[in-house]
Amino acid sequence: MSDRDTANASAAPARTAVVIPAAGRGVRLGPGAPKALRTLNGTPMLVHAVRAMTASRAVSLVVVVAPADGAAEVRNLLDAHPLADHDSTRTEVVVVPGGETRQESVRLGLAALPDDVTAVLVHDAARPLVPVDTVDAVAAAVREGAPAVVPALPLADTVKQVEPRTGEHAGEPEPVVATPERALLRAVQTPQGFDRVTLVEAHEKVALEGEGATDDAGMVERLGVRVVVVPGHEEAFKVTRPLDLVLAEAVLARRRANDGF
Ligand code: C5P
């Protein structure tokens with residue numbers, strides 16, 4: 001019997017948990033607080049991201065991976081904000097310290113999961129506005145048996161593979177190596193969903209190289225496990241650069257207008 005069968009056969013009900021890596025410094029956003037703690041319309045990005053997860057009925061636990069030296073601050077911050085829209089939501093939110101790379105932070109989040117969790121979503125704090133329908137679709141695909149699921153969108157831009165010019169050659173024109181057919185490409189978002197045993201195996205077997213994996217599904221692919229794509233959403237974009245903050249606040253303003261506030 002595999003570990004997964006054992007987990008499913010246990011008396012406790014199967015549970016879906018979310019790991020939110022939020023330990024990044026967010027240097028590309030410019031100087032200031034760690035990215036997850038920057039505010040959108042006065043509310044920290046991380047709080048928006050946690051709310052996006054607790055909004056899904058499929059999710060019963062959220063593990064937030066905080067900067068290693070900032071776990072207490074993140075706990076206080078989360079305690080200071082309502083994390084769910086509905087009183088009926090009883091989603092537990094725990095905070096653990098993170099690591100040097102995103103890959104290490106996710107691994108530390110996985111290590112904090114209780115035994116009865118059989119499905120795991122990994123969601124970047126940097127995608128605070130993902131709609132609940134996208135979260136539900138990913139969770140449902142995992143529960144229906146897919147070992148790895150990623151939400152993704154077709155690309156607007158054509159993509160070129162180049163020979164990067166770095167170091168003393170930085171800024172020089174970069175030779176184009178190839179132009180992949182755009183219709184075959186997808187831009188990948190989060191939450192990415194996994195059978196727990198599969199994701200843990202990927203984190204145990206795929207070595208940490210350089211800055212580590214930026215994408216959990218990519219690690220699972222390297223195990224030879226099939227990864228599938230479900231439709232992503234334009235509001236699940238990653239807040240990376242200053243202009244993304246402007247866009248995120250515009251999305252929130254549109255939602256508020258639509259909700260009649
Ligand atoms: O830097 P990037 O935008 O790729 O980060 C993606 C996510 O990984 C962010 O939510 C960030 O907080 C998180 N991260 C982390 N630990 C690190 C680096 C990044 O949890 N050491």
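This is a predicted model: local features need pLDDT of at least 70, side-chain atom pairs count only at pLDDT 80 or more; totals for chains, interfaces and linings use all residues.
A polar contact is a pair of N or O atoms within 3.5 Å. An oxygen atom of the ligand lies 3.1 Å from a backbone N or O atom of Ala 125, and an oxygen atom of the ligand is 2.9 Å from a polar backbone atom of Ala 23. Glu 100 also takes part, with a backbone N or O atom 3.1 Å from a nitrogen atom of the ligand. Taken alone, the ligand exposes 460 Å², of which the protein buries 85%. In total, 15 residues surround the ligand, and the closest are Pro 21, Ala 23, Gly 24, Gly 99 and Ser 105.

Ser 105 leads on to helix α4, which spans residues 102-111 and has Ser 105 among its buried residues.

Stepping back to the whole protein, the model has 8 helices and 12 strands. The radius of gyration is 19 Å, close to the 18 Å that the globule rule gives for 261 residues, so the protein is as compact as a globular protein of that length. Of the 261 residues, 43% count as buried. Among contacts between residues at least 6 apart in sequence, 74% join residues at least 24 apart. The protein exposes about 13,800 Å², and carbon and sulfur atoms supply 51% of that area.

Notes. Residues are numbered from 1 along each chain as its sequence is written. Side-chain values use heavy atoms; hydrogens and water are left out. Buried means under 20% relative accessible area, exposed over 50%, partly exposed in between (1.4 Å probe, protein chains only). Helices (H or I, at least four residues) and strands (E, at least two) are DSSP runs, numbered from the N terminus. A residue is near a molecule or strand if one of its heavy atoms lies within 4 Å of it. A polar contact is a pair of N or O atoms within 3.5 Å; within protein, one must be able to donate a hydrogen and the other to accept it, and residues adjacent in sequence count only if both atoms are side-chain atoms. Accessible areas come from the Shrake-Rupley method with a 1.4 Å probe; for residues, only the protein chains shown count as cover. The radius of gyration is taken over C-alpha atoms; the globule rule is 2.2 Å times the number of residues to the power 0.38. Contact means heavy atoms within 4.5 Å.
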